[in-house]
Amino acid sequence: MSAVTYLEAIVVGALQGVSELFPVSSLGHSILLPAWLGGSWQRDLSIGKDSPYLAVLVAMHVATALALVLFFRKDWVRIIGGLWTSIRRREVRTPDQRLAWLLVLATIPVGLAGLLLEGLLRDFLGKPVPAAIFLTLNGGVLYAAEKFSRKKPAAEADTVDFSTEDTLVMRAVSVEEATDVRLAKLGVGEAVLIGAAQILALLPGISRSGITMVAGLRRGLGHEDAARFAFLLATPVILAAGVLKMPTLFAPENHASLGPALVGSVIAGVASYISVRFLTGYFETRTLTPFAIYCAVAGIGSLIFFAV
């Protein structure tokens, strides 16, 4: 296997940072871009088993997860604090406590599926034609979600109840806290179903954030709440998967790619932070439709290019 070059790592790092959080599938783009460019790029950026490129992607995923942790740092302090007090007091009473447990339970299905299926699906489907097909399907799913998802009445969606807090003192309530109170109202089954939707992102071309948002919209969440829940759910999954696979980056056959992996990871982390900052504002007023159109066009174009 050829080592990943610095230029390749920079380009792929920027692509990873954007496409992991935008609902357009980072894995699909990581397969399609080298195939489109051809030549040394296609040779160096092979996603096969024990590939240096795969190890570099692992490092970039860790960088993406760290960017999410940094962006949502205040929220994670509240949520982890809620989990700790819930365990210590043996209660689930406050919105933070409930949301913490919903995130834990909703992460279990994709965690198990990732351990069992990720390598098999990647090796079997990690090729341009399957990636193009699933990217097209991703676009169709995003578009269908916008057309057919049920919407909660505005009054119901915007109501926030802080009556479960220990004290009802006058204080400023952040937008993030208000959103988390609404998310904490999800039923356990609803949260687990939304989290389980991430399993479909094991298919190259299906977006993790996109399919999670679609599941959230189907359960009646608004775009802003669905996006936030998707990003919160993605953080522990991406981080755990990356850390678990990180030792492969330091295998002797990957030593030549360590420098590019570091540079690419920095680029991926910065791009991820900018992306999540943009998207949290974007979904306050906008929809998945532009991403649906992009995925459909890019997927169909790639399918024609590689299959004909």
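Leu 288 is in contact (heavy atoms within 4.5 Å) with Pro 23, Leu 142, Glu 146, Met 213, Val 214, Leu 217, His 223 and Phe 283, when residues up to four places away in sequence are not counted. This is a predicted model, in which local features need pLDDT of at least 70 and side-chain atom pairs count only at pLDDT 80 or more, while totals for chains, interfaces and linings use all residues. Residues are numbered from 1 along each chain as its sequence is written, and side-chain values use heavy atoms, with hydrogens and water left out.

Leu 288 also belongs to the largest nonpolar core, which has 74 residues. A nonpolar core is a set of buried Ala, Val, Leu, Ile, Met, Phe, Trp, Tyr and Cys residues joined through side-chain atoms within 4.5 Å; buried means under 20% relative accessible area, exposed over 50%, and partly exposed in between, with a 1.4 Å probe and protein chains only. The members that touch the most others are Leu 103, Phe 229, Phe 231, Phe 283, Leu 288 and Phe 291. Helix H4 (residues 52-71) supplies the largest share of this core, 10 residues. Helices (H or I, at least four residues) are DSSP runs, numbered from the N terminus. In soluble globular proteins, nonpolar side chains tend to be buried together.

## Salt bridges between helices

The whole structure contains 13 salt bridges, each defined as a side-chain nitrogen of Lys or Arg within 4 Å of a carboxyl oxygen of Asp or Glu. One of them pairs Arg 228 with Asp 75, with the closest N and O atoms 2.8 Å apart. Because Arg 228 lies in helix H12 (residues 223-245) and Asp 75 in helix H5 (residues 73-89), this pair ties together parts that are 153 residues apart in sequence. Arg 228 is buried at a relative accessible area of 8%, and Asp 75 is buried at 8% relative accessibility.

A salt bridge also joins Asp 180 to Arg 78, with a closest N and O separation of 2.7 Å. Asp 180 is in helix H9 (residues 175-184) and Arg 78 in helix H5, 102 residues apart. Both Asp 180 and Arg 78 are buried. Shared partners join Asp 75, Arg 78, Asp 96, Asp 180 and Arg 228 into one network of salt bridges.

Thr 179 lies in helix H9 and is buried, at 2% relative accessibility. Neighbours within four places in sequence aside, Thr 179 is in contact with Glu 224, Asp 225 and Arg 228.

Glu 91 and Arg 93 form a salt bridge at 3.9 Å, N to O. Arg 93 is partly exposed, with a relative accessible area of 40%.

Definitions and conventions
Helices (H or I, at least four residues) and strands (E, at least two) are DSSP runs, numbered from the N terminus.
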